[in-house]
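Me: I have a structure to go through. Can we take it piece by piece?

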Amino acid sequence: MLSGKEDRNDCVLTIHAGAGGTEAQDWAEMLMRMYLRWAENNDFKSTILDLLEGEGAGIKSATILFEGDYAYGYLGAENGVHRLVRISPFDSNKRRHTSFASVFVIPQIEDDIEIDVNPAELRIDTYRSGGKGGQNVNKVETAVRITHEPTGTVAACQSERSQLQNKNNAMRLLKSKLHQLEREKREEELDEIEKNKMKIEWGSQIRSYVFHPYNMVKDHRTNVETSDVQKVMDGEIDRFIRAFLLSFSKN
């Protein structure tokens with residue numbers, strides 16, 4: 001367990017709402033809260049780097065930096081599609097809905113790791129920060145989005161008041177993403193190393209959260225489950241992480 005080269009690193013976790021509009025966006029926000037509570041419970045520092053709010057409720061996507069020993073080693077277990085079943089609070093007929101959201105985790109690379117980024121291949125856009133406002137956060141274009149045109153990789157940050165700080169954070173995130181692309185490229189070439197690695201695709205859910213007609217959270221990779229859905233949504237997901245890490249380390 002936790003013996004990977006980058007397991008000790010900080011990490012960047014990205015949540016994307018699946019198809020389904022408000023339902024999926026609300027679920028994505030619930031997952032974001034769950035991970036933020038997990039970080040708080042385990043003394044990890046969390047910073048929301050980028051947030052795209054949903055239309056009416058929830059979020060379309062969120063990018064969060066988690067800092068602390070083995071942040072990537074632990075949260076890497078959350079890679080995949082998360083499924084929610086519940087009576088919709090947005091449905092006047094009180095029908096049961098199924099929603100999906102994807103979670104993708106990459107290690108935060110250290111500053112001393114060299115990633116060759118040609119400035120001529122970058123497109124840098126500035127825009128006004130979203131959110132609930134507050135002084136000049138919505139009045140000045142402090143948010144920064146950097147696009148690496150050869151790969152189409154995008155990194156954005158709007159968490160700081162300073163455009164320069166947001167640019168530095170976005171550049172660091174971009175380097176982390178490019179580093180991950182290179183890592184995946186090498187791993188694809190080494191099929192023997194990758195033969196036991198779970199491939200995460202939109203259709204392959206790793207965990208189900210059922211609020212109706214019964215209460216249950218079940219991890220489909222390890223069959224670990226609990227009926228205490230409220231504690232799970234309050235960040236108590238260590239049982240799932242530990243079970244996955246133990247089973248993965250045996251492969």
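Helix, sheet and one aspartate

Reply: Starting with the helix: α1, residues 22–41, has 20 residues and reaches 28 Å from its first C-alpha to its last, close to the 28 Å expected at 1.5 Å a residue. Keep in mind that this is a predicted model.

Me: What follows α1?

Reply: Aspartate 43, with a positive phi near 60°.

Me: And which strands does α1 lie across?

Reply: β1, β2, β3 (59–67), β4 (80–87), β5 (96–107) and β9 (205–210). Relative to β5, α1 runs at about 45°.

Me: What order do the strands of the sheet have?

Reply: The order is β2-β3-β1-β5-β4-β9-β10-β11, in an open sheet of eight strands with mixed pairing.

Me: Which are the edge strands?

Reply: β2 (45–53) and β11 (225–226), each of which pairs on one side only.

Me: In what sense do β10 and β11 pair, parallel or antiparallel?

Reply: Antiparallel, over two bridges; β10 covers residues 216–219. Lysine 218 has glutamate 225 in β11 as its bridge partner.

Me: Changing topic, where does aspartate 7 lie?

Reply: In the segment before β1 (11–17).

Me: Does aspartate 7 count as buried or exposed?

Reply: Buried, because its relative accessibility is 14% and the cut-off for buried is under 20%.

Me: Which residues does aspartate 7 touch, not counting those up to four places away in sequence?

Reply: Leu2, Tyr70, Ala71, Tyr72 and Gly73.

Terms used:
Residues numbered from 1 in each chain as written. Predicted model: local features only at pLDDT ≥ 70, side-chain atom pairs only at ≥ 80, totals over all residues. Heavy atoms only, no water. Helix = DSSP H or I, 4+ residues; strand = E, 2+ residues; numbered from the N terminus. Expected span 1.5 Å × (residues − 1). Buried < 20%, exposed > 50% of the residue type's maximum accessible area, 1.4 Å probe, protein only. Contact = heavy atoms within 4.5 Å. Pairing = 2+ DSSP bridges. Axes fitted to C-alpha atoms, helices over the stretch in contact; angles between N-to-C directions.
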